[in-house]
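Here is a short briefing for a first look at this structure.

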Amino acid sequence: MSALTDMPSRNIVRDGVTDTLVMTKRNLLVWIRVPAYIMFTLVQPIMFVLLFRYVFGGAIPVSGHYVDYLVPGVIGQTMGFGSFGTAIALANELQKGTIDRLKAMPMARSAVLLGRLAADTLRMTLVTLVLVGVGAAMGFRFHGGVLDAILMFVYAVLLGLTICTVSAFIGLSLKDEEAVQGFGLIWVFPLTFVSSAFVPVRSMPGWLQHFAVNQPFTQVIDCLRAFASGDPVGNHWWVSLLWMAGIMALFVPLAVRAYRRA
Amino acid sequence: MTASNSDDAIVVEGLRKHYGDVHALDGVDLHVPRGSVLGVLGPNGAGKTTAVKVLTTLIQPDAGRAIVNGIDVVKDPAGVRRSIGLAGQSAAIVEELTGRENLEFVGRLFHLGKARSKARAQDLLEQFGLTDAAERRAKTYSGGMARRLDLAASLVARPDVLFLDEPTTGLDPRARNDMWGVIRELVAGGTTLLLTTQYLEEADELADNIVVFDRGKVIAEGTSDDLKDTVGGDVVEFTIDDANDREAALAAVRSIDTTDPTLTDTGVITVRAGDRGSDRLVEVVRALDSAQLRPQGLGLRRPSLDDVFLALTGHVAEESADSETATERVGG
Ligand SMILES: Nc1ncnc2c1ncn2[C@@H]1O[C@H](COP(=O)(O)OP(=O)(O)OP(=O)(O)O)[C@@H](O)[C@H]1O
Ligand SMILES: [Mg+2]
């Protein structure tokens, strides 16, 4: 009796890609089947748009329409919150032993991590589209060209992917779903709220402004806003890219190491 | 046990793995002939899972050698992964996917291709009695069904060597029996199996050979009959509720002949039956009766891991020692 897998050895790269696709599909299937995940990743950002547009928005002075200010901000914030799923799923699969099972199979080991990041990035792309749609219903408009609009999507999804690598590292290091939910993701709150997501940074006290202006979420959100409004992006485009590249350069190796050791 | 030959599906020599001060594996030797079943018996923390993890390439040993299906786990882990199946202490299935989807995804990850993955999933669902539940999410499965699905998933690629880490822990007796039936069928098909368990009865039911682990070491090996002989066959067990009567009860059973009774904090007294079998039960009843003692739940039972442990080491299994089953060796 011989193992079914005793077949001619195949192309490593092609196997890696196939395995990643299979894992991506598996992860997306799980996501759409859990109402709580849909609720958290889709309904919650929509709630934010509604709340800020109709409840707080009137009190927040911005140049132009507040909805045009708000939608890119919520998109940026959602990329942060959306990364929770990455950490929670990885911690859960480690805890349950699912990842061990996958590691004992002849599949590409990288596919577990890549399939997770790919699924979460696709999920965030979808959420961004939905937010733009909901925003449009409330008066949000792209004032720039098609290229600007595309760039806004690209930057949003890049931000999502970047924060997901940080979350992946946290999930794989804590290895405990409850710990992740309890304190593993608290950092996302100050980063997304102490930013230009909902209110102009200049309305904050001076000491806070220094942080708010320079931190990556503000940089990327300002970029998204400029792309949406068609205004000049200034140096935000490269400062954002630098931030994202730097964060990934740090956290991708950390996440890979944590995955290998887990 | 140095004799090993190419007919061994698993060969382990001097295997060590430590975590800080804990020697999870402290020089383990094993060999499992092709087509046979090895039961690795041990209490919590004995090192069973650690051994399985090394053999399935999940962790690297600190020292020693491990060969699975002729392949060195350290030198060619990918090769080992192609010939093994693993199902573990908890059912690592994806709860949001259906039983069928779970199996199909595993097939795809073993690079069986779409059509073969589907066919294999169907075969396994039938083999494991899961066809009726095939389209239901695994979340809705009972503990026994989940374990069966997990086991099925480990067999998708028809592994030559199968590792089952405590496949029935946490299952009720009925589900455990079902699982035993399934495993027995598999083994009849010629799969080499390494099975870990905390139950002597399980090793007895399924394994050709048994090794007993304690704190990372093999402290005994042989067939289940060998192990039972160590314990002295079945045991007579009863409880004396009144703490004041317990010493008298011990004295009474000691008077029978060379029995070596043990007493726990909760008043459970065990007596080895040796080759006297149920005659011993009668003797115990008579001895207690003439001492005018009233035992509760008196009966003859098969020896457990605790009994084997006690006989081999003179102490009960480490981690259960601080639980309610703390036993103190009396006399002898
Ligand atoms: N990753 C780890 N880090 C630190 N210690 C560990 C780790 N894995 C296992 N150990 C320790 O190694 C010893 C053996 O653990 P192992 O899981 O192999 O035992 P086991 O026989 O499978 O027990 P159980 O029946 O409870 O599953 C234990 O003392 C355990 O605490
Ligand atoms: Mg274990």
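Across the interface of chain A and chain B, eight residue pairs are in polar contact, both residues at pLDDT 80 or more. A polar contact is a pair of N or O atoms within 3.5 Å; within protein, one must be able to donate a hydrogen and the other to accept it, and residues adjacent in sequence count only if both atoms are side-chain atoms. This is a predicted model, where local features need pLDDT of at least 70, side-chain atom pairs count only at pLDDT 80 or more, and totals for chains, interfaces and linings use all residues. Residues are numbered from 1 along each chain as its sequence is written, chains are lettered from A and ligands numbered from 1 in the order in which they are written, and side-chain values use heavy atoms, with hydrogens and water left out.

**The interface**

- Helix 1 (12–33) and helix 5 (98–103) of chain A each supply at least two residues of the side that touches chain B. Helices here are DSSP runs (H or I, at least four residues), as are strands (E, at least two), numbered from the N terminus.
- Helix 1 of chain A gives the most to that side, with nine residues.
- The side of chain A that touches chain B has 14 nonpolar, eleven charged and four polar residues. Ala, Val, Leu, Ile, Met, Phe, Trp, Tyr, Cys and Pro count as nonpolar, Asp, Glu, Lys and Arg as charged, and the others, Gly among them, as polar.
- In contact (heavy atoms within 4.5 Å) are 29 residues of chain A and 37 residues of chain B.
- Three salt bridges cross the interface. Each is a side-chain nitrogen of Lys or Arg within 4 Å of a carboxyl oxygen of Asp or Glu.
- One of them joins B:Lys53 to A:Asp100 (3.7 Å, N to O).

**The largest cavity**

- There are five cavities of 30 Å³ or more. A cavity is a set of points on a 1 Å grid over the protein atoms alone where a 1.4 Å probe fits but cannot get out; lining residues have an atom within 4 Å of a point.
- The largest cavity holds about 240 Å³, the space filled by probe spheres set on points joined across faces, edges and corners.
- Its lining counts 21 residues, with A:Arg101, A:Leu102, A:Met105, B:Val106 and B:Ala153 nearest the centre.
- Helix 3 of chain B gives the most to this lining, with four residues.

**The second largest cavity**

- Its volume is about 110 Å³.
- Eleven residues line the second largest cavity, including B:Thr262 and B:Asp307.

Key. 1 Å grid on protein atoms, 1.4 Å probe; cavity = no way out; pocket = protein on both sides within 12 Å on 5 of 7 lines; lining within 4 Å.
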